[in-house]
Amino acid sequence: MGLGRFFTLFTAVIMPLGSVLASEEVGHSEHSSAPVEHVADEHATDEAHAPKEEGFNPNELIMHHIADSHGWHILDWDGHAVSLPLPVILWTNDGLVVFSSSEFHHDTEGHHVVNAGGQQFVNKHEKIYYAGTEDKPLDFSITKNVLSLIMGAVLIVLIFLSAARFYAKNTNKAPRGLASFVEPLILFVRDDIARGAIPEKHLNRFVPYLLTLFFFIWVNNLLGLVPFFPGGANLTGNIAVTLVLAAFTLIITNVNGTKDYWMHIVWMPGVPTPLKPILALIELIGVFTKPFSLMIRLFANITAGHILVLSLVSLIFIFESVWISPGSIVLTLFISTLELLVAALQAYVFTMLTAMSFGAAVEEHHHDDHAHAEGHH
Amino acid sequence: MDLVTPGLGLIVWTTIVFLILVFLLGKFAWKPILSAVQAREEAIDQALKQAESARAEMGKLQASNEQLLKQAREEREAIVKEGRAMRDAMVAEAKESASVEAAKILESARTQIHQEKMAAVTELKNQVAQLAVDMAEKVLRAELAQPEVAKANIDRDLKDLNLN
């Protein structure tokens, strides 16, 4: 069952790479159904749980990886999980409760009950419940993703503040060291992303935000590609993170919207009056769909990359053969390289679309109807 | 599905961390870097413009230099020409005066020589005349001592005179 689900997922992800691979998978899934069969009589009644207890389950591994978790699993040593305990911070009915994630003893099935602050909690699939109920306290824990977020932020601050020190010391000198590395990137964001989308008059207002956005996404994308601690958290592939970033785009765009911008949404000039309410409806929906697509695009791209890499690595364990590893390594290398590109590309796309959104909000339209007829197709 | 359900905790933390980043980087990284870069760009622009104008200036200077050089050359040529003319004139004048002087000297020398010669000739004539008179005296004396011989001679001379 687990294998079946994995292959469905795998096929869905790999489909664009061509039907050749897909047809191979069909062969494999027939082949690999054999080991499941011989345990089937013991667990015939509870097939869903069988693969979890019987060896390797790539679906669980991948889903576990791309989801957030309390405690950072680093490796397994001698049959024991080695993980970094992280603080669990809960806002309960009785106020704030803080304890270490290690108190769950790696239990994510809701069996191990933790007593803290006079209350009982269990960890059910990385969600904290009051023990024995279906109620959840508000969870503000420093999870794996939050820690990765903080580390990424610290890294960004270190990089750019030390680069900024060069400029404080040297006026009108060619950049050297770290500054010579970051300056082309900064200029790329300013000149190739922002300048094309935002009118020159408003450019300086938005460039700092766009720079922060670009490097935040890029650096965190790259940290996510590092396969071992302290990298590898699926931060930018988490919908909460992309939600926040998209929400900032939405808020900043509409806060800065000029009268012109709003007029083009609620009462489109240069369009026959009966059409105006319909267009207003479409435009109003558009205000939200644009950031929504930003949120989904980044989330889906990064998550898909993580799934793909993990699937390819999992092949070795699915076939339980070391002979698969060369192929698996080559494919993983290929996809990882591709993901390096995707990491930069998605940061670029998100920043670009955000810049265009800002540009549209502050743009001044020339009010003549002919231009509108041309400009709004 | 869990995967597409945003967790409240992560939303809050991301918002906080991202806002801190926007603030920190905006104040301590982007502002100094961007203004430094802009200042540098302006400085480069200005330097390029200055170089351009300096080049133009230099071109102008070079042109005027050439003009000056040309002028100087022309002037020099004129001076040389003038000098040469003056020299030629002077030489010609000198030659002229020298030849005049020489002619004058020559003339006076010639006059002197002529005078000397004339004096000498006169002297010679006088002496010859004296000699002739003396000789004639002697001859006359002798002839007069022998009157027949003298008579014969006078006759013969007279005959000769008639023949002339």
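Some ground rules come before the tour. This is a predicted model, where local features need pLDDT of at least 70, side-chain atom pairs count only at pLDDT 80 or more, and totals for chains, interfaces and linings use all residues; side-chain values use heavy atoms, leaving out hydrogens and water. Residues are numbered from 1 along each chain as its sequence is written, while chains are lettered from A and ligands numbered from 1 in the order in which they are written.

Let's start with chain A. It has twelve helices and eight strands, taken as DSSP runs numbered from the N terminus (H or I with at least four residues for helices, E with at least two for strands). Of its 377 residues, 44% count as buried; here buried means under 20% relative accessible area, exposed means over 50%, and partly exposed is in between, using a 1.4 Å probe and protein chains only. If you take the contacts (heavy atoms within 4.5 Å) between residues at least 6 apart in sequence, 61% join residues at least 24 apart. Chain A exposes about 19700 Å², with carbon and sulfur atoms supplying 66% of that; accessible areas come from the Shrake-Rupley method with a 1.4 Å probe, and for residues only the protein chains shown count as cover.

Now look at where the two chains meet. On the chain A side, 48 residues are in contact with 33 residues of chain B. The size of an interface is often given as the accessible area lost when the parts come together. Between chain A and chain B, the buried area is about 3500 Å², and carbon and sulfur atoms give 82% of it; that figure is the accessible area (1.4 Å probe) that two parts lose on being put together, summed over both.

Side chains of opposite charge can pair when their charged atoms come close. Two of them are found across the interface of chain A and chain B. Glu41(B) and Arg190(A) meet in a salt bridge at 2.8 Å, N to O. This pair crosses from helix H1 of chain B to helix H6 of chain A. Arg190(A) counts as buried because its relative accessibility is 7%, whereas Glu41(B), at 32%, counts as partly exposed.

Arg141(B) is exposed at 57% relative accessibility, and Glu137(B) is partly exposed at 37%. Elsewhere, salt bridges that share partners join Arg190(A), Asp191(A), Arg195(A), Glu200(A) and Glu41(B) into one network.

H1 of chain B covers residues 8–145 and holds Leu48(B), which is exposed at 55% relative accessibility. From Leu48(B) to Gln67(B), 19 residues along the chain, the C-alpha atoms are separated by 28 Å.

Finally, some backbone details in chain A. A cis peptide bond joins Phe229(A) and Pro230(A), with omega about 5°, and Pro230(A) lies in the loop between H7 and H8 (239–255). His105(A), which is not a glycine, has a positive phi near 50°; it sits in the loop between strands E4 (95–100) and E5 (114–116) and is exposed at 54%. Glu126(A) also has a positive phi, about 60°, in the loop between strands E6 (119–124) and E7 (127–130), but Glu126(A) counts as buried at 17% relative accessibility.

Key:
Salt bridge = Lys/Arg side-chain N within 4 Å of Asp/Glu carboxyl O.
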